[in-house]
Amino acid sequence: MNPAARPIHTIVPVHGEESLATVHRVVDEAGQVMGYGLVDQTKLITAASELVRNIVLYAGTGQVEVEEVDRGGQNGLRLTFTDHGPGIPDVGRAMQDGYSTGKGMGLGLPGTRRLVHEFASDSAAGSGTRVTIVLWKR
């Protein structure tokens, strides 16, 4: 665990574009407390920004949970992005480079997956989306 008195655990509501800056700040601060280097900090912030943008674009509102995790002495940050929007009808297809239901380049979810050590998504049409990422501290 980090040298702070208690483990990191924060929930950030997402309510539009202004939430991007708040999530960026919270993830940056958590990464600094954990002692991530610049490259890993950049990966965390980039992944978080992409996933918050997806919440804003496709669901409007949601939340991000930022928490410190420990697995057998290995520390990391787990970020969980949850919304109650329309969901992703075909998660497998959405994870393919170049696929987009919007006007983007279709690099968001697959690109985010490449930035982190662990990536999990749970979504279905009409039931919202939950994406969880973990970046372990090296």
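**Close-up 1. Helices α1 and α2 pack side by side at an angle of about 155°.** In this predicted model, the axes of α1 (residues 18–34) and α2 (residues 38–59) lie 9 Å apart. Here, axes are lines fitted to C-alpha atoms, for helices over the stretch in contact, and angles run from 0 to 180 degrees between N-to-C directions. Helices (H or I, at least four residues) and strands (E, at least two) are DSSP runs, numbered from the N terminus. The angle makes α1 roughly antiparallel to α2; angles under 35 degrees count as roughly parallel, over 145 as roughly antiparallel, 65 to 115 as roughly perpendicular and the rest as oblique. The crossing of α1 and α2 is right-handed. A crossing gets that name if the near helix is turned clockwise from the far one by less than a right angle, and is left-handed if anticlockwise. Contact means heavy atoms within 4.5 Å. By class, this contact has seven nonpolar, five polar and two charged residues. Ala, Val, Leu, Ile, Met, Phe, Trp, Tyr, Cys and Pro count as nonpolar, Asp, Glu, Lys and Arg as charged, and the others, Gly among them, as polar.

Close-up 2. Gln-41 is buried, at 7% relative accessibility. Buried means under 20% relative accessible area, exposed over 50%, partly exposed in between (1.4 Å probe, protein chains only). Leaving aside neighbours within four places in sequence, Gln-41 is in contact with Val-27, Asp-28, Gly-31, Gln-32 and Tyr-36. Its C-alpha atom is 9.5 Å from that of Glu-29, twelve residues apart along the chain. Ser-49 is buried too, with a relative accessible area of 14%. Not counting residues up to four places away in sequence, Ser-49 touches Leu-20 and His-24.

**Close-up 3. Helix α2 and its buried residues.** The 22 residues of α2 should span 32 Å at 1.5 Å a residue, and the end C-alpha atoms are 31 Å apart, which agrees. The expected span is 1.5 Å times one less than the number of residues in the helix. Among the buried residues of α2 are Asp-40, Leu-44, Ile-45, Val-52, Ile-55 and Val-56. The buried residues of α2 pack against β1 (9–15), α1, β2 (61–71), β3 (74–83), α4 and β5 (129–136). After the helix comes Gly-60, whose phi is positive, near 90°.

**Close-up 4. Helix α4 (residues 108–115) packs against α2.** These two helices meet at an angle of about 155°, with their axes 9 Å apart. That makes α2 roughly antiparallel to α4. Their crossing is left-handed. The contact brings together Lys-43, Thr-46, Ala-47, Glu-50, Leu-51 and Asn-54 of α2 with Gly-108, Leu-109, Thr-112 and Leu-115 of α4. These residues divide into four nonpolar, four polar and two charged. In α4, Gly-108, Leu-109, Pro-110, Gly-111 and Thr-112 are buried. The buried residues of α4 pack against α2, α3 (91–94), β4 (118–123) and β5.

**Close-up 5. Ile-133 sits in strand β5.** At 1% relative accessibility, Ile-133 counts as buried. Apart from neighbours within four places in sequence, its contacts include Ala-47, Leu-51, Leu-77, Phe-81, Thr-112, Val-116 and Phe-119. Glu-118 is also in contact with Ile-133. Ile-133 and Glu-118 are 15 residues apart in sequence and 5.4 Å apart in space, C-alpha to C-alpha.

**Close-up 6. Gln-74 belongs to strand β3.** Gln-74 counts as partly exposed, at 32% relative accessibility. Leaving aside neighbours within four places in sequence, Gln-74 is in contact with Val-69, Trp-136 and Lys-137. The C-alpha atoms of Gln-74 and Lys-137 are separated by 7.1 Å, although the two residues are 63 residues apart along the chain.

**Notes for all views.** Residues are numbered from 1 along each chain as its sequence is written, and side-chain values use heavy atoms, with hydrogens and water left out. Because this is a predicted model, local features need pLDDT of at least 70 and side-chain atom pairs count only at pLDDT 80 or more, while totals for chains, interfaces and linings use all residues.
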